[in-house]
Amino acid sequence: MAELSGEPMTTLEEIDQVYACAAKCEIWDQPVEHPTARAFVFAATGFLRGLGEAADSELWRSSAALLRRCRRFVCTVPLPFDHPLLKFETAARQLESDLARLEGVVDPGHVERMRVVVPSLQGLAADGGDPLGDCTREFLTLEDPRDGFVVLTDRRFIDAVAEAMALNGVEVTIGTHADLLGHDIYTSVVVVGSPTWIHQGLLNAPRTENLALVHYGFFREDPEVAPLLFGPVASTHVMRPIKKSKPFRCGAPETPVEGWQQEEPDAAGLLAAEECSPSEEIRASFPRYSSAGGRGGAADQVEAHAAVLADGSHVLLPTDFDARVFSLRAGGLPDVQVEQVPASSVGQGDYLALRNRSHHQDLVDRADAILGPDAASLRTTQAEWKGLLWERTEQHPRGIRGVADELRSRGAATANVGYWISDWCIRPRSKADFAVVLRYLAAGVDVDSVWERLRRIDSAHRSAGQRYAEDLQRALTPDRVGRLVAAGWCAVRPTGADSETLVARIDYVLSDTLQVPLNALCRLRTTEDFR
């Protein structure tokens with residue numbers, strides 16, 4: 001493994017140096033064929049497409065989510081199908097249970113399509129094959145695998161895949177696409193997953209002599225190399241062809257399982273870019289926000305956007321400007337400045353500090369420690385006005401929108417009722433608007449007194465957040481920051497009793513506005529959290 005200079009690549013000369021290191025790179029599009037995997041993926045896809053809008057129904061939501069997860073794992077994780085992390089056998093049993101529960105209750109067409117899926121998933125779990133892993137190993141062993149690298153879409157499988165490779169005699173470095181965007185040069189690299197999920201930085205500036213794009217042959221799109229630079233100054237090595245390999249066939253042809261009849265699909269039957277991707281699962285896990293108004297389902301439901309992170313996980317960011325999240329601005333690295341910023345202000349390229357627990361509940365616990373013995377009384381005051389406002393939205397025929405209109409008609413400059421009734425909110429930003437709210441609710445309390453009590457809570461939240469930001473900043477040592485810059489994410493453990501924190505770059509933000517539970521916001525999540 002060779003290394004480039006550790007200096008930041010900020011000039012055309014340095015960028016050309018990257019191209020020069022990979023000038024001889026050959027990119028191979030390597031489709032994989034496996035009959036059992038093919039049978040399951042097409043059965044699952046037929047069922048999910050057939051559900052259509054019914055997939056949002058609570059009757060179907062858990063079954064559809066389970067199948068999306070299994071389909072994504074089949075297509076992106078180079079592990080044996082019977083590996084305990086994949087849980088395919090358990091999933092098949094769950095689907096059988098769901099079938100028994102739904103039969104006679106729902107559309108029989110959906111039931112029949114789901115009935116086809118179960119034996120195909122059982123066949124997958126019993127097969128025990130590892131077609132993506134076998135193809136990866138064959139490519140790597142053309143050179144010394146120790147000088148190779150395998151790119152996964154999700155960092156949670158790094159250790160398991162490394163172990164599976166080692167058990168098959170292949171010692172190789174495993175990581176996410178972000179790990180490959182640093183300064184190391186590898187002899188051979190394998191990217192596992194759908195062609196259109198491949199980060200373009202891996203193709204237009206490959207840091208390897210040989211690059212294989214390993215995926216099943218039933219994806220609709222072919223990989224393409226996009227130029228990194230445009231115009232006459234662009235490197236002559238920007239555009240390089242992708243060579244098509246013969247299909248890697250794994251597993252002997254089998255007799256189709258009972259209930260499954262395999263047909264060669266037309267182009268419309270092949271998988272599209274969005275299918276079996278994390279973003280599809282995120283969107284399907286929560287209902288999309290409707291602008292028609294209403295109360296949004298529950299007091300703890302808030303609007304959010306999903307941001308996909310460099311390590312393969314994601315976070316749900318509230319749209320309301322008052323909600324805060326810990327962030328490192330991309331332009332500031334390698335200098336580190338952890339800030340609490342409006343969650344609605346962060347975007348692609350920014351870095352977020354996240355834990356597995358609720359950001360809101362964490363701040364509440366820290367703030368209560370600052371408030372001391374007065375915490376319970378102050379929280380009661382906070383809960384009282386919000387509870388009254390929630391009850392009013394429940395009683396109003398037009399829900400949140402109706403209450404908001406009435407508050408504006410009474411003089412409120414802003415009426416962000418949907419956010420105010422959520423536990424995330426402590427008080428409105430404007431004291432004048434808060435006075436309108438209390439009069440509207442006929443609360444019969446002194447505005448100044450209540451405002452001051454809520455100010456104490458707000459101040460404690462801000463102090464708690466600032467203390468944690470300072471603690472986190474101390475934990476971001478130079479070596480951790482170096483990892484963050486090179487890979488797009490790093491894990492740190494602040495002092496004291498704090499759990500591990502992941503600092504990760506936002507790769508992209510989904511445009512959909514979702515209605516999500518409060519406890520789902522601003523915390524590290526994977527799609528497995530929704531099952």
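Trainee: What covers the buried residues of H5?

Mentor: This is a predicted model. In it, the cover over the buried residues of H5 includes helix H2 (35-51), helix H3 (58-76) and helix H4 (88-102).

Trainee: And which residues in H5 are buried?

Mentor: The buried residues are His-110, Val-111, Met-114, Val-117, Val-118, Pro-119, Ser-120, Leu-121, Leu-124 and Ala-125.

Trainee: How far apart are the end C-alpha atoms of H5, and what should the helix span?

Mentor: Helix H5 runs over residues 108-127, which is 20 residues. At 1.5 Å a residue it should span 28 Å, and because its end C-alpha atoms lie 29 Å apart, the two values agree.

Trainee: What is found at the start of H5, and what just after it?

Mentor: At the start, a side-chain oxygen of Asp-107 comes to within 2.7 Å of the backbone nitrogen of Gly-109. Just after the helix, Gly-128 adopts a positive phi of about 75°.

Trainee: Turning to H12, which of its residues are buried?

Mentor: Helix H12 covers residues 399-409, and its buried residues are Gly-399, Ile-400, Gly-402, Val-403, Ala-404 and Leu-407. Their cover includes helix H11 (375-395), helix H13 (417-420) and helix H14 (431-441).

Trainee: Which residue just after H12 takes a positive phi?

Mentor: That residue is Gly-411, with a phi of about 115°.

Trainee: A change of topic: where is Ala-272, and is it buried or exposed?

Mentor: Ala-272 sits in the loop between strand S8 (248-249) and helix H9 (278-285). Its relative accessibility is 19%, and buried means under 20%, so Ala-272 counts as buried.

Trainee: What does Ala-272 touch, leaving out residues up to four places away in sequence?

Mentor: Ala-272 touches Arg-49, Arg-220 and Glu-221.

Trainee: Finally, the whole protein: how many helices and strands, and what share of the residues is buried?

Mentor: There are 16 helices and 16 strands. Of the 531 residues, 53% count as buried.

Notes: Residues are numbered from 1 along each chain as its sequence is written. This is a predicted model: local features need pLDDT of at least 70, side-chain atom pairs count only at pLDDT 80 or more; totals for chains, interfaces and linings use all residues. Side-chain values use heavy atoms; hydrogens and water are left out. Helices (H or I, at least four residues) and strands (E, at least two) are DSSP runs, numbered from the N terminus. The expected span of a helix is 1.5 Å times one less than its number of residues. Buried means under 20% relative accessible area, exposed over 50%, partly exposed in between (1.4 Å probe, protein chains only). Contact means heavy atoms within 4.5 Å. A polar contact is a pair of N or O atoms within 3.5 Å; within protein, one must be able to donate a hydrogen and the other to accept it, and residues adjacent in sequence count only if both atoms are side-chain atoms.
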